[in-house]
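Here is a short note to read alongside the model. Please keep the structure open and find each residue as it comes up.

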Amino acid sequence: MTLIRVWFGIALWKRVLGGLALGVAFGLLWPAATDSVAILGDLFIRLIRMLVVPIVFVTIASGVSSLGDPKRLGSVGGRTIGLFAVLTGIGVAIGMVLALIVEPGIGADLGSAEPRPLGDPKSTYDQLVGIVPTNVFEALVAGDMLAIIFFSLMLGIATILAGDAGKPVASLLQSAASVLFQMIRVVMETTPFGVFALTAGAIAANGLAVFTNIGLLALCVALGALFQMGIVHSLIVRSIARVPLPFFFRGIIDALAVAFSTASSSATLPVSLRVARENLGVPTPIASTVLPIGAAIGKDGTAMYVGLLSLFSLQALGITPSADMLVIIFLTAALAAFGTAPIPSASLFMLAAVLNAVGVTTEQAALIVGFILPFDRLLDMMRTVPSACANLAAATTVAHWEGELGSTSPARDAV
């Protein structure tokens with residue numbers, strides 16, 4: 001019992017790093033024995049695969065239904081959702097462009113994942129029509145992610161439109177999401193063992209060269225985050241909200257620090273509410289509407305990462321994406337980012353939804369997750385920062401549109 005308490009008393013990310021270090025040592029010093037521990041990695045991959053479909057279905061439906069009555073949200077809610085949709089699309093595009101330029105996935109070893117033909121490509125018409133499932137249960141069983149995403153969005157919207165009659169369904173979806181988050185926590189506790197086995201196998205097969213691709217991926221995440229904040233968010237704040245950039249970034253530094261340290265949009269929300277009101281002059285009604293919506297759907301850092309990681313995955317699998325595939329990845333990644341739960345590493349579980357839409361199997365997507373997960377804590381910390389920045393930029397912009405920016409602080413004088 002003492003050992004168990006000590007084990008769980010150590011932060012999970014530290015245990016994951018420990019598993020990574022042991023896997024590297026095991027793969028270098030005893031490569032012939034890595035097959036004996038491969039079962040740990042295989043079980044870990046199966047656990048991830050087990051969760052993919054329910055997570056995509058429940059988190060998107062519950063996320064949409066949690067937005068509440070659109071009539072109550074009014075113009076603030078409409079403008080907020082529209083702005084986040086634009087930012088999400090831009091984020092996905094940034095990630096995809098970086099992946100195409102840097103090509104971080106070329107040469108990455110994914111263990112047992114191998115390049116495979118994707119079959120005869122579907123026409124654009126068939127791909128669009130296939131988004132609407134004829135049988136949602138068949139779509140769930142088959143893991144048809146585009147159809148699942150479409151039905152999830154429809155279910156969430158219908159729940160809102162049903163008003164009081166839809167509240168029990170909304171509560172059920174929220175409850176199911178909470179249960180799934182706990183399942184994710186349980187599965188994540190097995191991460192150190194899965195990481196140990198997967199890393200040992202990769203090191204035994206390829207040596208330390210396996211870290212080259214991770215370094216390139218981290219570089220792309222950092223560049224993407226800097227571009228989002230330094231160009232995209234800055235243009236919105238300065239050109240649309242007409243707030244000086246030094247004033248804005250000084251005012252949100254506390255929220256960005258919490259976002260980096262916690263890697264969670266939800267954990268950042270209380271600090272974001274405070275700095276929006278006290279430092280930026282966003283009125284409480286607007287801040288309390290925009291920022292919670294942002295915590296639910298405004299994750300353009302995640303959008304950038306999902307777009308980047310999708311192309312990283314295709315590169316690692318030796319698949320050259322066509323123009324149609326790039327369009328599908330863009331649209332699916334944007335929808336997946338909207339539905340990603342605001343908890344650390346949640347975006348990795350949504351990756352299968354994007355890859356499945358272009359013919360990559362769930363098993364191969366799970367191997368990508370296993371390859372990235374040991375390093376995802378740092379990547380998650382980096383990509384949460386632009387998400388927090390985007391939420392505060394959106395709150396500032398919406399307050400300006402409503403003619404109320406600076407009504408509670410010296411912000412108006414700074415404009």
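1. Start with Asn-356. Asn-356 is partly exposed, at a relative accessible area of 22%. Here buried means under 20% relative accessible area, exposed means over 50%, and partly exposed is in between (1.4 Å probe, protein chains only). Asn-356 belongs to helix H16, residues 346-356. Its C-alpha atom is 7.2 Å from that of Asp-144, although 212 residues separate Asn-356 and Asp-144 along the chain.

2. A word on the source. This is a predicted model, in which local features need pLDDT of at least 70 and side-chain atom pairs count only at pLDDT 80 or more, while totals for chains, interfaces and linings use all residues. Residues are numbered from 1 along each chain as its sequence is written, and side-chain values use heavy atoms, with hydrogens and water left out.

3. Now the whole chain. The protein chain has 19 helices and 0 strands. These are DSSP runs numbered from the N terminus: helices are H or I with at least four residues, strands are E with at least two. The protein chain has 415 residues, and 51% of them count as buried.

4. Next, the surface. The protein chain has an accessible surface of about 17900 Å², and carbon and sulfur atoms hold 68% of that. Areas come from the Shrake-Rupley method with a 1.4 Å probe; for residues, only the protein chains shown count as cover.

5. How many salt bridges are there? The count is 6. The rule asks for a side-chain nitrogen of Lys or Arg within 4 Å of a carboxyl oxygen of Asp or Glu. Side chains of opposite charge can pair when their charged atoms come close.

6. Look at Arg-79 and Glu-402. Their side chains form a salt bridge, 2.8 Å from N to O. The pair links distant parts of the chain, 323 residues apart: Arg-79 is in helix H4 (residues 70-102), and Glu-402 is in the loop between helix H18 (376-401) and helix H19 (411-414). Arg-79 is partly exposed at 35% relative accessible area. Glu-402 is partly exposed too, at 24%.

7. Then find Arg-274 and Asp-254. In this salt bridge the closest N and O atoms are 3.2 Å apart. Arg-274 lies in helix H12 (residues 265-278) and Asp-254 in helix H11 (residues 245-262), so the pair ties together parts 20 residues apart in sequence. Arg-274 is partly exposed, at 30% relative accessibility. Asp-254 is partly exposed as well, at 36%.

8. Compare Asp-380 and Arg-383. The closest N and O atoms of this salt bridge are 3.4 Å apart. Both residues lie in helix H18, 3 residues apart, which is about one turn of the helix. Are they buried or exposed? Both Asp-380 and Arg-383 are buried. Elsewhere, salt bridges with shared partners join Asp-254, Arg-274 and Glu-278 into one network.

9. Check the cysteines. The disulfide count is 0, where a disulfide is a pair of cysteine sulfur atoms within 2.5 Å. Cys-220 is buried, at 0% relative accessible area. Cys-389 is buried, also at 0%.

10. Turn to the aromatic rings. The whole structure holds 5 aromatic pairs. Rings of Phe, Tyr and Trp (its six-membered ring) pair if their centres lie within 6.5 Å; planes under 30 degrees apart are stacked, over 60 edge-to-face, and the rest tilted. Phe-26 and Trp-30 have ring centres 5.5 Å apart and planes at 45°, so this pair is tilted. Phe-26 is buried at 16% relative accessibility, whereas Trp-30 is exposed at 52%.

11. Stay with Phe-26. Its ring and that of Phe-196 have centres 5.5 Å apart and planes at 70°, so the pair is edge-to-face. Phe-26 lies in helix H2 (residues 12-29) and Phe-196 in helix H9 (residues 191-206), so the pair ties together parts 170 residues apart in sequence. Phe-196 is buried, at 17% relative accessibility. Phe-26, Trp-30 and Phe-196 form one aromatic cluster.
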